[in-house]
Amino acid sequence: MSQLLITGGAGFIGSHTCLVLLQEGHDLIVLDDYSNSSPVALERVVALAGLQASGERSKERLQLIQGDIRDITCLEKVFIDARNAGKPIEAVIHFAGLKAVGESVREPLRYWDVNLTGSRCLLAAMNTHGCRTLVFSSSATLYGYPKDEPIPESAPIQPINPYGHSKAAVEQLLHDLASSAPNQWRIACLRYFNPVGAHPSGKIGEDPLGTPNNLFPFVSQVAVGRRKSLQVFGGDWPTSDGTGVRDYIHVMDLAEGHRAALDCMLAEPAQLLTLNLGSGQGASVLEVVRAFERASGRPVPYDVVARRNGDAAITVADPAMAFQRLGWQTQSGLDEICRDGWAWQSANPTGYSDQE
Ligand code: NAD
Ligand code: WQD
């Protein structure tokens, strides 16, 4: 089993992936500045992985470092300390970054800085210390307004906002790096579609700061009574019921996708592998609302309002390549997603700020 560095490991997708990797037997170093997360998430990951009982050993299995991926001194120290402790970092899973589309339009400098400069600093430190195995969090946002449904990895890259441009730039940097030393870098670029849901225990889940931008946390907060009603952005899209269609993927399926991609990178020759991680199934906004009502037994009142700027009608993955290369496919559908999302939301109505 390997020693892994997980940047952004306290976040939504990172925390669920840390749990899967600990259960798989890997030892983890999490580097996170907690700018969009809480250390409580990782305390709960430790408990779910059954590490508390093992005391000191649990610190060996999961080491937490509060730091910024743009701080090259901090990154250098992480790699050097791991080597000096006799457990050099074998691979990195790079989640750390900013992800809110609207905020990226208002603050492009911050987005380019954290997402691109942060990734460049990390890659430079990896290169210096001879660690050239990486799994990178990319996004379906790269496809902009897609022409084909479902979307294959070969679809044109045409981001439509600064967040998407910053992810496309990192993918380009990874491509240039892999080309510069083709026999050295093992890189998996994972383009996630719409990650939602929570661990089935309801102990860890998504905890957005302030008003959620995304559909699923908004619907959950309406069901739990934290918000009055949902605004459905557009009822006149060219879809079966007129509302936008997306490919929602259970966060535990996504975590399994990272495990599979990491195993593939560690086992196979050097390469740059770019994969969609999605279910291949579309669900409309109203289908999500109804599934959440069924799972929670609570009403989710909504009003249909104008379309949101920058939205596409339909975004659904072609996930065939991930199955072919990793043997990975999603296991959970919308009902399981809503069941687990409700387990989290109902047990933690205000997220990690709740008292135990
Ligand atoms: P998240 O915000 O919950 O997690 C990101 C983590 O990175 C947080 O814990 C945050 O504190 C940390 N972080 C941010 N800036 C940092 C910095 N400068 N230094 C160190 N840590 C920093 O987001 P998430 O949903 O878990 O997303 C993880 C990754 O996946 C992101 O790169 C995101 O762009 C990408 N992604 C997310 C989605 C989605 O819908 N959630 C979809 C596609 C891609
Ligand atoms: C889903 C559907 C909305 C909120 C975003 C990012 C993307 C990626 C995943 C990071 C759409 C509708 C939403 C609401 C609504 N993130 N909606 N009322 O836009 O597909 O993707 O998250 O990489 O980059 O853009 O997800 O959850 O915001 O929207 O009607 O209050 O729900 O119009 O049809 P999206 P979303």
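User: Which helices and strands each supply at least two residues of the shell around ligand 1?

Analyst: This is a predicted model, so keep that in mind as we go. To read a shell, look at what surrounds the ligand, then ask which elements those residues belong to. Here helix H1 (12-24), strand E5 (133-139) and helix H7 (162-180) each give at least two residues to the shell around ligand 1. Strand E5 provides the largest share, three residues.

User: How many residues surround ligand 1, and which are the closest?

Analyst: There are 26 residues around ligand 1, and the closest are Asp 32, Asn 36, Ser 37, Lys 99 and Tyr 163.

User: What should I look for in the polar contacts of ligand 1?

Analyst: An oxygen atom of ligand 1 lies 2.6 Å from a polar side-chain atom of Asp 32. Ser 37 also uses a polar side-chain atom, 2.7 Å from an oxygen atom of ligand 1. With Phe 12, it's a polar backbone atom that is 2.8 Å from an oxygen atom of the ligand.

User: How much of ligand 1 does the protein bury?

Analyst: Start from the area the ligand exposes when taken alone, then see how much of that the protein hides. Ligand 1 on its own exposes 820 Å², and the protein buries 95% of that.

User: Now ligand 2. Which residues are closest to it?

Analyst: Its shell holds 18 residues, with Ser 139, Tyr 163, Gln 231, Arg 246 and Asp 311 the closest. Strand E8 (residues 230-233) brings the largest share, four residues. Split by class, the shell around ligand 2 has eight nonpolar, seven polar and three charged residues.

User: And where are the polar contacts of ligand 2?

Analyst: Let's go through three of them. A polar backbone atom of Leu 215 is 2.8 Å from an oxygen atom of ligand 2. For Asn 214, a polar side-chain atom lies 2.9 Å from an oxygen atom of the ligand. The side chain of Asn 194 has an N or O atom 3.0 Å from an oxygen atom of ligand 2. As for cover, ligand 2 has 690 Å² of accessible area on its own, and the protein covers 86% of it.

User: How do I find empty space inside a protein?

Analyst: Rolling a probe the size of a water molecule over the atoms shows where empty space is left. In this structure, there are four cavities of 30 Å³ or more.

User: Which residues line the largest cavity?

Analyst: The lining includes Gly 197, Glu 206, Phe 216, Trp 344 and Gln 345. Helix H8 (215-223) and helix H12 (334-347) each supply at least two of the lining residues, and H8 gives the most, four residues. By class, you get four nonpolar, five polar and one charged.

User: What about the second largest cavity?

Analyst: That one has a volume of about 50 Å³. Its lining is made up of Phe 79, Ile 80, Arg 83, Pro 88, Ile 89, His 129 and Cys 131. Five of these count as nonpolar, one as polar and one as charged.

User: Is Cys 131 buried or exposed?

Analyst: Compare its relative accessible area with the cut-off: buried means under 20%. Cys 131 has a value of 2%, so it's buried. You'll find Cys 131 in the loop between helix H6 (108-128) and E5. Look at Ala 91 too: Cys 131 and Ala 91 are 40 residues apart along the chain, yet their C-alpha atoms are separated by 6.3 Å.

User: What can backbone angles tell me?

Analyst: They can point you to particular spots in the chain. Tyr 34 has phi near 60°, which is a positive value in a residue other than glycine. Tyr 34 sits in the loop between strand E2 (27-32) and helix H2 (39-48). Its relative accessibility is 17%, so Tyr 34 counts as buried.

User: Which peptide bond is cis?

Analyst: Check omega for the bond from Glu 149 to Pro 150: it's near -5°, and that bond is cis. Pro 150 lies in the loop between E5 and H7.

Definitions and conventions:
Residues numbered from 1 in each chain as written. Chains lettered and ligands numbered in written order. Predicted model: local features only at pLDDT ≥ 70, side-chain atom pairs only at ≥ 80, totals over all residues. Heavy atoms only, no water. Near = heavy atom within 4 Å. Polar contact = N/O pair within 3.5 Å; in protein donor to acceptor, adjacent residues only side chain to side chain. Areas by Shrake-Rupley, 256 points an atom, 1.4 Å probe, with all protein chains shown as cover. Nonpolar A, V, L, I, M, F, W, Y, C, P; charged D, E, K, R; others polar. 1 Å grid on protein atoms, 1.4 Å probe; cavity = no way out; pocket = protein on both sides within 12 Å on 5 of 7 lines; lining within 4 Å. Points joined across faces, edges and corners; volume = space filled by probe spheres on them. Buried < 20%, exposed > 50% of the residue type's maximum accessible area, 1.4 Å probe, protein only.
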